[in-house]
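Here's a quick tour of one model, taken a few residues at a time. Have the sequence and the 3D view open as you read.

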Amino acid sequence: SLAKGWNDPEIGGVWSNSTRSILFLPSPQENSLGNVCFHFWITTMTNSPSEDWPFQIFINDHRAMPKTRYVGSGPYEISASSYLPDRKTIEIILEGPRPRSPRSIGAGNDVRQLSFILHSIQITKTCDGDLPASNHKLPG
């Protein structure tokens, strides 16, 4: 569930309206407990291909990836590994760039304060690439 720092969901995902947004997910089935990888598909609110922005992830009160800077809007696949203990819910905190309105950067008439859009999340047993985090810009 979207706990704090989110706008209403839209067709392409859900926009964060804060630098710090929190969500809760049910734990995966028992055979997925232990070390797992979370894959987040993120696009940020920028209209400059050279603008850089910060992003980091906390899972169950532990830093799942170091603060990393990205360039341009994305979309990016951001992966973070974490140990999942036997618990009913997973708390995920996503920290991104300062929110701003699309109107303020000349990207439309929307006046909502937007930081980044979370397109989707996938949980797998391992991360592809180096642990604890691998970052890949998606094509397109």
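Is aspartate 110 buried, partly exposed or exposed? At 26% relative accessibility, aspartate 110 counts as partly exposed; buried means under 20% relative accessible area, exposed over 50%, and partly exposed in between, with a 1.4 Å probe and protein chains only.

## Before we dig in

This is a predicted model, where local features need pLDDT of at least 70 and side-chain atom pairs count only at pLDDT 80 or more, while totals for chains, interfaces and linings use all residues. Residues are numbered from 1 along each chain as its sequence is written, and side-chain values use heavy atoms, with hydrogens and water left out.

## Salt bridges

Back to aspartate 110: its side chain meets that of arginine 112 in a salt bridge, 2.7 Å from N to O. The term covers a side-chain nitrogen of Lys or Arg within 4 Å of a carboxyl oxygen of Asp or Glu. Arginine 112 is partly exposed too, with a relative accessible area of 29%. Glu10 joins Asp110 and Arg112 in a network of salt bridges. The structure holds five salt bridges.

Another of them joins arginine 20 and glutamate 95, with the closest N and O atoms 2.5 Å apart. This one links distant parts of the chain: arginine 20 sits in strand E3 (residues 20-26) and glutamate 95 in strand E8 (residues 89-95), 75 residues apart. Strands (E, at least two residues) and helices (H or I, at least four) are DSSP runs, numbered from the N terminus. Arginine 20 is partly exposed at 38% relative accessible area, whereas glutamate 95 counts as buried at 18%.

Then there's arginine 100 with glutamate 51, whose closest N and O atoms are 2.3 Å apart. Here, too, distant parts of the chain are linked: arginine 100 is in the loop between E8 and E9, glutamate 51 in the loop between E4 and E5, and the two are 49 residues apart. Arginine 100 is buried, with a relative accessible area of 14%, while glutamate 51 is partly exposed at 25%.

## The five-strand sheet

Strands E3 and E8 turn up again in an open sheet of five strands, with the order E1-E3-E8-E5-E6 and antiparallel pairing. Strand E1 (2-4) and E6 stand at the edges, each with a single partner strand, so one side of each has no neighbour in the sheet. From one strand to the next, the twist averages 20°; axes here are lines fitted to C-alpha atoms (for helices, over the stretch in contact), and angles run from 0 to 180 degrees between N-to-C directions.

E3 and E8 pair in the antiparallel sense over seven bridges, where pairing takes at least two DSSP bridges between two strands. Leucine 23, for instance, has isoleucine 92 in E8 as its bridge partner.

## Aromatic pairs

How many aromatic pairs does the structure hold? There are seven. Rings of Phe, Tyr and Trp (its six-membered ring) pair if their centres lie within 6.5 Å; planes under 30 degrees apart count as stacked, over 60 as edge-to-face and the rest as tilted. The rings of tryptophan 53 and phenylalanine 55 have centres 6.2 Å apart and planes at 85°, so that pair is edge-to-face. Both tryptophan 53 and phenylalanine 55 are buried.

Phenylalanine 55 also makes an edge-to-face pair with phenylalanine 116, at 5.2 Å centre to centre and 85° between the planes. Phenylalanine 55 lies in strand E5 (residues 52-59) and phenylalanine 116 in strand E9 (residues 116-124), so the pair ties together parts that are 61 residues apart in sequence. Ring pairs link Trp6, Trp53, Phe55, Tyr70, Tyr76 and Phe116 into a cluster.

Threonine 44 lies in strand E4 (residues 34-44) and counts as buried at 5% relative accessibility. Leaving aside neighbours within four places in sequence, its contacts (heavy atoms within 4.5 Å) include Trp53, Gly72 and Phe116. A polar atom of the threonine 44 side chain lies 3.0 Å from the backbone oxygen of serine 115.

Glycine 72 has its place in the loop between strand E6 (62-71) and strand E7 (76-84), and is buried with a relative accessible area of 5%. Beyond four places in sequence, glycine 72 touches residues including Thr44, Glu51 and Trp53.

Technical notes. A polar contact is a pair of N or O atoms within 3.5 Å; within protein, one must be able to donate a hydrogen and the other to accept it, and residues adjacent in sequence count only if both atoms are side-chain atoms.
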